[in-house]
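Subject: Structure handover and notes

Dear colleague,

I am passing on the structure we spoke of, together with my notes on it. Please open it alongside this message, as the notes are meant to be read with the model in view.

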Amino acid sequence: MRSLNINSVLDTLWNGLYILAIISIFLFWRWYKANDILENLVTETVLQTLPNMTTLTSHEGLYQLLLQKQQLEQERIKSKLEENAQDIQDYYAMWAHQIKVPLSVLDLMNQTNTIDKYETSNQLLITNQYLDMMLHFIRLKSFHQDLSFEKINVQSLLRSVIQEYKYLFIHKDLDVSLSGFDLLIISDSKWLQFVFEQVIFNAIKYTSEGSIDIKCQNDHQVIIKDTGIGIAASDLPRLFDKGYTGFNGRLENNASGLGLYMVKQILHNLGHDIIISSKVNFGTSVIIDFKQTENR
């Protein structure tokens, strides 16, 4: 009877050890998975959805690192939002300065009863240009949410921009030509039209006489060349810097320094490139290269 009781106890003990081993293995597996999740969260650059924290009570050190990472990420997002808000505020200030010029001209014509059809059209066009720039500047903050890629005939798009600025060409007595190949590309027509508007508007703005020649080449490049005042060599490296107006901008006294910055950002995001070469008193050449097709 005693022997039977001992055997029963031993059997029970072995069964208990077996069950304990299974439970230990299961608990170790849960610990390993939780530890692995925490380590991944700490090393990742973007925070993911947090797991159930009740399973992480034995990992206080990693959990503290995770909280610190989350705090840093929140601070980074807050800093980015503040930077965007400051950018918009700064642009509004510059835009208000720009818009005063055409409005003052229109007001003067009204006060002196010297309304001129061409001049009125020109000033309204400039006003619309500045308004359009402001809207695109705001949209640039969420660029990739505002894209629609399609096949574009570049010459057709350029013709519409030339037609849009016809009164400016007439007013300044500038010749304009569009030649070359029917260039077909895949891009976003709305953003690309804004790019052409900015480049051609600058060419008109800084060209008092002569011509603006636009050529579509079969190597997927568009060249916009003017006979304007040109750009100083010292200004060329900073043309695409935000807020940089250069010597010509100071002469005009109404440049924002954002037009070419936006052009560069838009083309870069669309996978295209832009190169500007110039010489004072000999005009400026702008090359827009569509050979790069990778969207960023």
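This is a predicted model: local features need pLDDT of at least 70, side-chain atom pairs count only at pLDDT 80 or more; totals for chains, interfaces and linings use all residues.

The secondary structure comes to eight helices and seven strands, and of the 296 residues of the protein 36% count as buried.

Helices α6 and α8

The helix pair I looked at is formed by α6, which covers residues 189–205, and α8, which covers residues 259–270; they pack at an angle of about 145°, and their axes are 10 Å apart. The crossing in which α6 passes α8 is left-handed. On the α6 side the contact is made by Trp191, Leu192, Phe194, Val195, Gln198, Val199 and Asn202, and these meet Gly259, Leu260, Met262, Val263, Ile266, Leu267 and Leu270 of α8. Sorted by class, this contact of α6 with α8 has eleven nonpolar and three polar residues, and no charged ones.

Aromatic pairs

A search of the whole structure finds three aromatic pairs, and I describe two of them here. Phe143 and Trp191 form a tilted pair, with 4.8 Å from centre to centre and 45° between the planes. This pair links distant parts of the chain, since Phe143 lies in the loop between α3 (117–139) and β1 (149–153) while Trp191 belongs to helix α6, 48 residues apart. Both partners are buried, Phe143 with a relative accessible area of 3% and Trp191 at 0% relative accessibility. Trp191 is also one of the α6 residues that meet α8.

The pair of Tyr165 and Phe201 is tilted as well, at 5.9 Å centre to centre and 45° between the planes. Because Tyr165 sits in the loop between α4 (154–164) and α5 (166–172) and Phe201 in helix α6, this pair ties together parts that are 36 residues apart in sequence. Tyr165 counts as buried at 0% relative accessibility, and Phe201 counts as buried at 8%.

Salt bridges

The structure holds three salt bridges. The side chains of Arg238 and Asp241 meet in one of them, at 3.3 Å from N to O; Asp241 counts as partly exposed at 33% relative accessibility, and Arg238 counts as partly exposed at 42%.

Another salt bridge brings together the side chains of Lys264 and Asp273, again with 3.3 Å from N to O. Here Lys264 is partly exposed at 27% relative accessibility, and Asp273 is partly exposed with a relative accessible area of 23%.

In the salt bridge between the side chains of Lys291 and Asp289, the N to O distance is 3.0 Å.

Conventions. Residues are numbered from 1 along each chain as its sequence is written. Side-chain values use heavy atoms; hydrogens and water are left out. Axes are lines fitted to C-alpha atoms, for helices over the stretch in contact, and angles run from 0 to 180 degrees between N-to-C directions. Helices (H or I, at least four residues) and strands (E, at least two) are DSSP runs, numbered from the N terminus. A crossing is left-handed if the near helix is turned anticlockwise from the far one by less than a right angle, and right-handed if clockwise. Contact means heavy atoms within 4.5 Å. Ala, Val, Leu, Ile, Met, Phe, Trp, Tyr, Cys and Pro count as nonpolar, Asp, Glu, Lys and Arg as charged, and the others, Gly among them, as polar. A salt bridge is a side-chain nitrogen of Lys or Arg within 4 Å of a carboxyl oxygen of Asp or Glu. Buried means under 20% relative accessible area, exposed over 50%, partly exposed in between (1.4 Å probe, protein chains only). Rings of Phe, Tyr and Trp (its six-membered ring) pair if their centres lie within 6.5 Å; planes under 30 degrees apart count as stacked, over 60 as edge-to-face and the rest as tilted.
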